[in-house]
Amino acid sequence: MEAVNIQFAPATGTEEAWNEAYARLADYFRSYQLHNRIRRTQLILETLRKAAEAHAKDPTRTPTAHAIEQARLMLREWLGTIYSDLNLSEAQLEATGRLGFHLAGGPARWPQFFLDEKNMPNDMAEAMRSALRTSGPGMQVSKMTPRDIDLGLIPDVAEDTFDRLGRHPILRYSVLFVIVFSVLGYLYSLFA
């Protein structure tokens, strides 16, 4: 295991801003279920160092924005080596990588190798790739044309009933009278 070096002294930004960046990075790496605190601290410090260099070049953005950008860049580079054979956009790569890491059991089995391109075990990379191969087919564009709903005999019976009731007003009012008094009788028995 690599030694943890906690020397961090950014040339720009305030202490509060860098503490906020640290907290957001901790949340970001925790979202990957990276519960190994030593590895998470290593990643946070490495990311903060890169963010401090970027912040020195562009101090108009907050340290948190630089830190998250650097973390996502590190993630894309790491996932790019794992999924190099797939033709994925950056957004697809991040989503695919997150899914593959979780489906392969990465947080429990290989937390110390998260974002480590140099020491990545082959079985981890293969597990992440195979988890996606077995997760289902890719999205495809399809067309859905509207079709009439087949309700069976219900529309025919209802149409015949409404025709008969329309031709005989006394029958129509009798059915209405029975329905109204049935509902009122039910409500009376319910509340009585």
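**Helix pair α7 and α8**

I started at the contact where Leu 165, Gly 166 and Arg 167 of α7 meet Pro 169, Leu 171, Arg 172 and Val 175 of α8. Contact here means heavy atoms within 4.5 Å. I sorted that contact of α7 with α8 by class and got 4 nonpolar, 1 polar and 2 charged residues. For the classes, Ala, Val, Leu, Ile, Met, Phe, Trp, Tyr, Cys and Pro count as nonpolar, Asp, Glu, Lys and Arg as charged, and the others, Gly among them, as polar.

Ground rules before going on: this is a predicted model, where local features need pLDDT of at least 70 and side-chain atom pairs count only at pLDDT 80 or more, while totals for chains, interfaces and linings use all residues. Residues are numbered from 1 along each chain as its sequence is written, and side-chain values use heavy atoms, with hydrogens and water left out.

Next I looked up the geometry of the pair. The axes of α7 (residues 154-167) and α8 (residues 169-191) come within 5 Å and cross at roughly 115°. Axes are lines fitted to C-alpha atoms, for helices over the stretch in contact, with angles from 0 to 180 degrees between N-to-C directions.

**Helix pair α2 and α3**

For α2 (residues 37-57) and α3 (residues 63-82), the axes come within 8 Å and cross at roughly 120°. That makes α2 oblique to α3.

On the α2 side, the residues in contact include Leu 43, Leu 48, Ala 51 and His 55, and the α3 side includes Pro 63, His 66, Gln 70 and Met 74. The residues of this contact of α2 with α3 divide into 8 nonpolar, 4 polar and 2 charged.

**Whole chain**

How many helices and strands are there in the protein? I get 8 helices and 0 strands, where helices (H or I, at least four residues) and strands (E, at least two) are DSSP runs numbered from the N terminus. The radius of gyration of the protein is 32 Å, well over the 16 Å that the globule rule gives for 192 residues, so the protein is more spread out than a compact globule. That radius is taken over C-alpha atoms, and the rule is 2.2 Å times the number of residues to the power 0.38. The C-alpha box is roughly 95 × 45 × 35 Å along the principal axes.

Of the 192 residues, 30% count as buried, the cut-offs being under 20% relative accessible area for buried, over 50% for exposed and partly exposed in between (1.4 Å probe, protein chains only).

Most residues other than glycine have a negative phi, and I found exceptions. Gln 33 has a positive phi of about 55°, sits in the loop between α1 (15-30) and α2, and is partly exposed at 40% relative accessible area. Leu 115, with a positive phi of about 60°, lies in the loop between α5 (106-109) and α6 (122-133); Leu 115 is buried at 10%.

Last, I checked Gly 100 in α4 (residues 90-103), which is buried with a relative accessible area of 0%.

Technical notes:
Parallel < 35°, antiparallel > 145°, perpendicular 65-115°, else oblique.
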